[in-house]
Amino acid sequence: MIRSITAIFALIMSTTLPLHAFETRATAAYVIDQTTGTVLLNKNADTPLPPASMSKLMTLYIAFEAVKRGKNNGGLDLLEELPVSAQAQKYGGSTLFLKAGERVKVEDLLRGIIVLSGNDACAVIAEALSPDGTEAGFARMMTQRAQQMGMTNSTFANSNGWPAAGHRMSMRDLALLANRLIEDFPEFYPMFSQKEFLFDQKESSNRFNRNPLLSLNIGADGLKTGHTQEAGYGLVGSALQGNRRVIFVVSGLESAAARAQESESIVNWAFRQFAQRGLAKAGERLATADVWMGAVPKVGLVPAEDVSVLLPVLAGSEVEAEVVYTGPIQAPIEKGQPLAELVLSPEGLPETRIPLVAESDVADGGFMARLSTAAQQLISRLNAGPTGS
């Protein structure tokens with residue numbers, strides 16, 4: 001049977017004022033504290049929407065995978081030069097002004113996508129990595145890879161977010177993708193903080209990063225803006241302050257200025273209104289669970305790692321918690337064996353579930369334990385008395 005133990009974890013806090021949710025002007029938004037995995041804001045986050053240039057992050061992810069794989073394994077080399085096709089040259093909007101027939105280093109193409117949002121650079125990468133040499137083939141590969149990564153609300157029609165029927169991503173998917181880029185490619189992620197990239201002296205009108213947060217000294221270090229008439233103005237962003245990283249996605253804003261203001265406000269809100277607090281150390285006993293036919297009647301429940309939780313700075317001084325397990329637990333039990341969950345319910349935030357493991361080994365109780373258990377069951381039935389049919 002499922003059993004639970006209720007507990008209160010006291011934390012040192014200064015006030016007991018209520019938490020006020022962030023009222024975003026964006027059509028859709030998603031904000032997550034990457035350090036703890038806590039979702040701070042969810043507005044239409046699972047609705048597939050036109051992502052505009054924010055979908056270039058998927059092209060970059062696949063390109064980074066190819067570079068990491070290496071040219072000898074069917075991937076790319078940063079110094080390798082790729083040909084520009086007539087189809088790539090046709091793209092308008094933000095471009096590197098590439099010309100059909102020229103060849104461009106992979107590293108320049110990547111920086112051109114990240115810093116300059118080059119639609120043509122995306123097409124060059126796409127055609128090089130496509131199973132059939134076409135951008136459409138690469139888009140199908142993007143969709144398949146996104147599904148494998150858990151981005152279930154993403155489908156791609158091209159490599160760069162150019163308006164097209166069926167080209168869609170959700171805000172949650174974009175946040176998941178941003179997190180994967182940060183975690184999977186630490187060697188490439190610093191490119192996203194580059195403020196300027198002059199690819200061609202003769203074409204200097206497009207050389208500045210469009211991310212409006214990079215120069216504000218608030219910890220912002222990536223990722224990608226987006227804008228089309230259909231999508232409005234959007235941004236997938238991330239900021240690091242101390243040991244905490246926040247990832248956010250906004251879409252559907254009415255202007256570049258509104259995008260900049262909203263993004264800055266979200267970053268400031270996420271860092272100022274929430275703080276990470278330690279609750280328990282690894283191996284610290286938080287509860288005990290009943291043991292069935294073991295050498296001892298109970299086993300301690302401990303976290304395998306240090307437990308911390310994100311809390312509103314202005315919230316109360318206590319966190320409600322519940323330890324849930326299915327028991328009694330059959331012996332034998334091994335130290336470190338997952339047995340239960342610690343369910344935390346901070347005020348105004350989604351619940352957090354943390355696994356708890358066995359504090360120590362519990363051996364099988366043998367014949368005497370079985371005899372004792374059988375006797376206890378018999379006594380319980382006798383005390384319960386006869387039951388009617």
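In the predicted model, helices H1 and H3 cross with a left-handed sense. The two elements, H1 spanning residues 56-69 and H3 spanning residues 106-114, pack with their axes 10 Å apart and at an angle of about 155°. Because angles over 145 degrees count as roughly antiparallel, H1 is described as roughly antiparallel to H3. On the H1 side, the contact is made by Lys56, Leu60, Ala63, Phe64 and Val67, and these residues meet Val106, Leu110, Ile113 and Ile114 of H3. Sorted by class, the contact of H1 with H3 contains eight nonpolar residues, one charged residue and no polar residues. An α-helix has 3.6 residues a turn, so residues three or four places apart point the same way.

Both H1 and H3 also take part in the surroundings of helix H4. Of the 11 residues of H4 (residues 119-129), 10 are buried, so this helix is largely enclosed by the rest of the structure. The buried set consists of Asn119, Asp120, Ala121, Cys122, Ala123, Val124, Ile125, Ala126, Glu127 and Leu129. These buried residues pack against H1 and H3, and also against strand E4 (81-83), helix H2 (86-89) and helix H5 (135-148).

These helices belong to a protein with eight helices and 16 strands. The protein has 389 residues, of which 48% count as buried. Contacts between residues at least 6 apart in sequence were also examined, and 64% of them join residues at least 24 apart.

Attention is next given to charged side chains. Side chains of opposite charge can pair when their charged atoms come close. In the model, the count comes to 17 salt bridges. Arg25, Glu254 and Glu262 are linked in a network of such bridges.

Glu262 has 4% relative accessibility and counts as buried. Glu254, at 55% relative accessibility, counts as exposed. Arg25 is partly exposed, its relative accessible area being 42%.

A further salt bridge is found between two strands. The side chains of Glu341 and Arg353 meet with an N to O distance of 2.7 Å. Glu341 lies in strand E15 (residues 338-345) and Arg353 in strand E16 (residues 352-358), so the bridge ties together parts that are 12 residues apart in sequence. Glu341 counts as partly exposed at 31% relative accessibility, and Arg353 likewise counts as partly exposed, at 45%.

Methods
Residues are numbered from 1 along each chain as its sequence is written. This is a predicted model: local features need pLDDT of at least 70, side-chain atom pairs count only at pLDDT 80 or more; totals for chains, interfaces and linings use all residues. Side-chain values use heavy atoms; hydrogens and water are left out. A salt bridge is a side-chain nitrogen of Lys or Arg within 4 Å of a carboxyl oxygen of Asp or Glu. Buried means under 20% relative accessible area, exposed over 50%, partly exposed in between (1.4 Å probe, protein chains only). Helices (H or I, at least four residues) and strands (E, at least two) are DSSP runs, numbered from the N terminus. Axes are lines fitted to C-alpha atoms, for helices over the stretch in contact, and angles run from 0 to 180 degrees between N-to-C directions. Angles under 35 degrees count as roughly parallel, over 145 as roughly antiparallel, 65 to 115 as roughly perpendicular and the rest as oblique. A crossing is left-handed if the near helix is turned anticlockwise from the far one by less than a right angle, and right-handed if clockwise. Contact means heavy atoms within 4.5 Å. Ala, Val, Leu, Ile, Met, Phe, Trp, Tyr, Cys and Pro count as nonpolar, Asp, Glu, Lys and Arg as charged, and the others, Gly among them, as polar.
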